[in-house]
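These are my notebook entries on a structure that I had not examined before. I set down each point in the order in which I looked it up.

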Amino acid sequence: VSDFIYIDEVMEIAGYTRKTVYSKVSKNQMPVISRGRPLTFSRKKLYEWMSAGRPEKSGIPFIPKCKSN
């Protein structure tokens with residue numbers, strides 16, 4: 001069984017809607033490997049995150065977007 005999973009399996013495991021998964025990923029609230037298309041997740045990291053009580057911070061540093069003048 002591969003450790004790499006995609007959004008449909010994340011929705012099934014976590015019990016979230018597609019919209020909620022995208023929202024949590026965009027707010028750095030759940031672990032994700034790749035934000036490209038398709039979103040790629042680690043099954044192991046997802047289960048660890050869920051076991052930790054689904055904390056709001058996933059350990060991913062927040063990097064603010066620069067605003068142009």
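What percentage of the 69 residues in the protein is buried? I found that buried residues make up 32% of them. I note at the outset that the model is predicted.

Entry on the overall fold. I counted three helices and two strands. Following the sequence, I read the pattern β-α-α-β-α. I then looked up the contacts with a separation of 6 or more, and 56% of these join residues 24 or more positions apart. For the accessible surface I noted about 5200 Å², with 55% of it belonging to carbon and sulfur atoms.

Entry on helix α3. This helix spans residues 43-51, and I found Arg43, Leu46 and Trp49 buried in it. Viewed down the axis of α3, the buried residues fall within an arc of 125°, so they line one face of the helix. I looked at the other side of α3 and found Lys44 and Ser51 exposed there. I next asked what covers the buried residues of α3. The cover includes the strands β1 (4-5) and β2 (41-42), together with the helices α1 (7-14) and α2 (18-26). Just after α3, I recorded a positive phi of about 90° at glycine 53.

Entry on serine 26. I located this residue in helix α2. Is serine 26 buried or exposed? Its relative accessibility is 54%, and the cut-off for exposed is over 50%, so serine 26 counts as exposed. I also noted that a polar atom of the serine 26 side chain lies 2.9 Å from the backbone oxygen of serine 23.

Note on methods:
Residues are numbered from 1 along each chain as its sequence is written. This is a predicted model: local features need pLDDT of at least 70, side-chain atom pairs count only at pLDDT 80 or more; totals for chains, interfaces and linings use all residues. Side-chain values use heavy atoms; hydrogens and water are left out. Buried means under 20% relative accessible area, exposed over 50%, partly exposed in between (1.4 Å probe, protein chains only). Helices (H or I, at least four residues) and strands (E, at least two) are DSSP runs, numbered from the N terminus. The arc is that of the directions from the helix axis to the C-beta atoms. Contact means heavy atoms within 4.5 Å. A polar contact is a pair of N or O atoms within 3.5 Å; within protein, one must be able to donate a hydrogen and the other to accept it, and residues adjacent in sequence count only if both atoms are side-chain atoms. Accessible areas come from the Shrake-Rupley method with a 1.4 Å probe; for residues, only the protein chains shown count as cover.
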